[in-house]
Amino acid sequence: MATLFQGVGAVTPFSASSSLDSNKLLLPSRKSLSISDSRGSIFVYRSDALNLKAATRKQDLLIPNAVATKGETSTSAKSGHELLLFEALREGLEEEMERDPRVCVMGEDVGHYGGSYKVTKGLAEKYGDLRVLDTPIAENSFTGMGIGAAMTGLRPIVEGMNMGFLLLAFNQISNNCGMLHYTSGGQFTIPIVIRGPGGVGRQLGAEHSQRLESYFQSIPGIQMVACSTPYNAKGLMKAAIRSENPVILFEHVLLYNLKERIPDEEYVLSLEEAEMVRPGEHITILTYSRMRYHVMQAAKTLVNKGYDPEVIDIRSLKPFDLYTIGCSVKKTHRVLIVEECMRTGGIGASLTAAITENFHDYLDAPIVCLSSQDVPTPYAGTLEEWTVVQPAQIVSAVEQLCQ
Amino acid sequence: MALSRIASSSHASTLLKPLSAALSIRRLISSDSTVPLTIETSLPFISHKCDAPPRAVDTSASELFSFFRDMATMRRMEIAADSLYKAKLIRGFCHLYDGQEAVAIGMEAAITKKDAIITAYRDHCTFIGRGGTLLEVFGELMGRICGGSKGKGGSMHFYRKQTNFFGGHGIVGAQIPLGCGLAFAQRYSKEENVTFTLYGDGAANQGQLFEALNMAALWDLPAILVCENNHYGMGTAEWRAAKNPAYYKRGDYVPGLKVDGMDVLAVKQACKFAKENALKNGPLILEMDTYRYHGHSMSDPGSTYRTRDEISGVRQERDPIERVRKLLLAHDIASEKELKDIEKQVRKDVDDAIAKAKVKNKKYIVQSAIPCDRRTWLTILFFTFIFFSIRK
């Protein structure tokens with residue numbers, strides 16, 4: 001459960017109606033987070049200066065490109081500091097390691113090498129080889145080792161060099177990580193974080209382009225979150241480490257170099273909340289991770305064509321934030337899900353079922369789910385592009401839904 | 001000595017009591033004596049890349065006595081579980097440990113409750129050894145809330161956090177990396193404790209064992225891997241499953257020791273040796289040569305892949321409880337009658353625990369939340385209902 005952090009200047013009234021004012025919001029994602037404060041989550045402290053600047057920067061935050069380009073943001077002096085997504089992850093990790101001596105990292109090449117995506121760079125020099133442990137290539141056993149250590153009270157962060165490799169540790173994640181809290185009658189909690197990059201990259205081949213969120217989602221006892229911006233990457237990393245539950249944090253190979261300005265102050269996000277990326281009226285587009293950028297790119301086109309899409313980054317893949325999603329559905333009555341998972345048995349499939357079960361009466365049209373093709377990801381670039389949802393497909397789907 | 005036997009074997013009448021009291025002085029050692037005894041193990045230890053510990057084991061009369069009582073309790077508990085399973089009060093999987101009691105008891109004698117133990121699914125007796133009660137065992141096996149895991153785990157999921165017993169795992173071999181994680185946590189927190197990770201001869205062929213061994217040896221983790229070799233991985237004999245059934249050698253660079261697992265003193269000596277070594281030098285493997293009388297589980301008769309002669313042969317010659325009984329009698333620590341009385345008491349304890357666990361906890365939520373009896377509770381509900389319907 002999320003705990004409440006009282007931030008100066010960021011406290012909002014605890015009323016459900018305030019969240020419906022999202023359509024009046026001119027402020028970008030961070031402000032809208034505080035509106036959903038009504039459910040008592042950890043929240044953000046922001047200085048007033050940042051608020052004013054944030055209002056004028058609304059357009060900047062509609063990041064149109066799927067992959068980051070450096071030097072986009074203006075060079076005027078602002079509070080907060082700019083960094084790349086992998087640096088944000090590292091900052092969150094380092095802050096937590098500083099705060100709690102029980103936090104440790106284990107994975108392949110996380111120590112001396114600094115992490116294959118540089119998330120743990122410099123940490124081994126600072127904290128030593130035992131706290132930032134270079135493991136041999138034995139996913140099943142080092143994940144099991146992390147779980148065993150978590151049973152005693154340590155808070156390990158297990159890194160899978162690529163999420164696909166964690167398939168080898170599926171038994172440990174499913175049977176031990178997910179179920180030990182239950183089968184022991186509540187005696188043990190497993191405060192482990194399992195993280196790593198997944199998703200389709202740039203011609204990495206089928207085995208290195210897997211989306212494991214669809215396989216893990218049925219495991220009872222675990223939580224899953226997906227980060228998409230440096231801001232939410234740091235916040236979710238910290239929240240996952242502090243959580244008593246086992247959390248799987250899905251990162252994306254192509255998003256590590258995204259640049260954003262994040263606050264200097266400490267902040268922790270809620271693991272169970274969705275993020276309102278762009279409020280709108282006509283249609284709710286639900287997405288997560290890299291597809292958020294494809295959606296925002298499509299949103300640019302859609303706005304020019306006169307549509308007003310509401311884009312929500314669901315962030316919490318298990319459990320779904322049905323509150324935010326429901327409020328949006330009740331407003332727009334149309335849902336489009338854009339995901340990178342496979343069509344069969346993916347996150348979109350579960351989300352479609354959840355929305356239909358809970359909000360069927362509010363829907364004016366069937367839910368459309370755009371997912372990746374049910375094929376192994378090809379190596380050839382052109383073919384690879386075709387297996388993943390592209391902005392043009394999103395635009396035509398919205399046009400069709402909004403007829 | 002013969003006189004004392006006669007005196008104690010007859011029903012203790014008031015006339016004979018002072019006589020037997022006088023005669024008992026003639027007994028060499030009383031059963032609660034802590035005077036050290038040294039007894040040799042029946043078989044020597046065989047070692048791999050280390051020096052074997054001495055065969056002479058330090059023990060005492062009271063320790064031997066407690067061995068007998070605890071092993072008898074475990075044996076009786078497992079037999080009772082057999083009957084309960086056949087009466088369909090225990091469902092699903094039930095893997096019984098009778099025959100292997102010496103491993104659990106010997107290990108406990110050598111270590112403290114701060115050391116961690118993790119094992120696979122044959123865990124009823126290990127749980128008892130770590131301080132679990134008979135009521136918790138039978139409650140869990142019958143799915144009651146008084147069970148160790150509140151009835152949510154079942155036979156294969158016994159845990160006891162306060163005495164560092166980490167279960168109780170159904171998937172073969174999955175507990176081995178967990179055990180290395182426990183040892184890692186012990187090294188991380190700089191505690192002077194060790195972890196005993198138990199697995200069977202079937203699990204000894206799992207890749208994760210070697211992965212975990214490699215990591216434990218790499219980082220000098222205080223992990224002791226104990227292979228409870230009962231020679232059968234369910235229905236497959238060890239020679240049909242393993243190219244090299246010398247499991248204590250399979251660690252290669254990790255030292256190993258082969259121990260007679262039916263001799264509780266040998267197990268105690270080996271575990272003591274292992275604990276000292278692991279704290280200094282890192283992991284080692286103990287292979288306990290043991291035997292299970294039951295089949296793999298209650299759905300396995302246990303006689304399709306081995307002969308009844310083999311089973312009864314082991315029972316005659318190597319039974320751990322009989323061995324301790326002979327020791328107690330030979331050193332005159334207890335008499336036949338006393339040991340039989342203990343067995344009777346154990347049987348009674350087990351029956352009592354089963355009777356208590358059998359009571360279905362009806363509406364336990366209501367009973368625990370409301371500190372009054374059902375009639376009062378129903379009366380309160382009735383009047384509340386009346387009150388609210390009038391208010392409308």
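What share of the contacts in chain A with a separation of 6 or more comes from residues 24 or more positions apart? The figure is 83%, with contact meaning heavy atoms within 4.5 Å.

## Basis

This is a predicted model: local features need pLDDT of at least 70, side-chain atom pairs count only at pLDDT 80 or more, and totals for chains, interfaces and linings use all residues. Residues are numbered from 1 along each chain as its sequence is written, chains are lettered from A and ligands numbered from 1 in the order written, and side-chain values use heavy atoms, without hydrogens or water.

## Chain A

Chain A has 15 helices and 14 strands. These are DSSP runs, numbered from the N terminus: helices are H or I of at least four residues, strands E of at least two. Of its 403 residues, 61% count as buried (under 20% relative accessible area, 1.4 Å probe, protein chains only).

Helix 6 of chain A covers residues 139-151. All 13 of its 13 residues are buried, so this helix is largely enclosed by the rest of the structure. Just after helix 6, A:G153 takes a positive phi of about 120 degrees.

## A helix pair in chain B

Helix 4 (residues 101-110) and helix 10 (residues 264-281) of chain B pack at about 45 degrees, with axes 7 Å apart. Axes are lines fitted to C-alpha atoms over the stretch in contact; angles run from 0 to 180 degrees between N-to-C directions.

Helix 4 of chain B contributes residues including B:A102, B:I105 and B:A109 to the contact. Helix 10 of chain B contributes B:V264, B:V267, B:K268, B:C271 and B:K272.

Definitions and conventions:
The expected span of a helix is 1.5 Å times one less than its number of residues. Buried means under 20% relative accessible area, exposed over 50%, partly exposed in between (1.4 Å probe, protein chains only).
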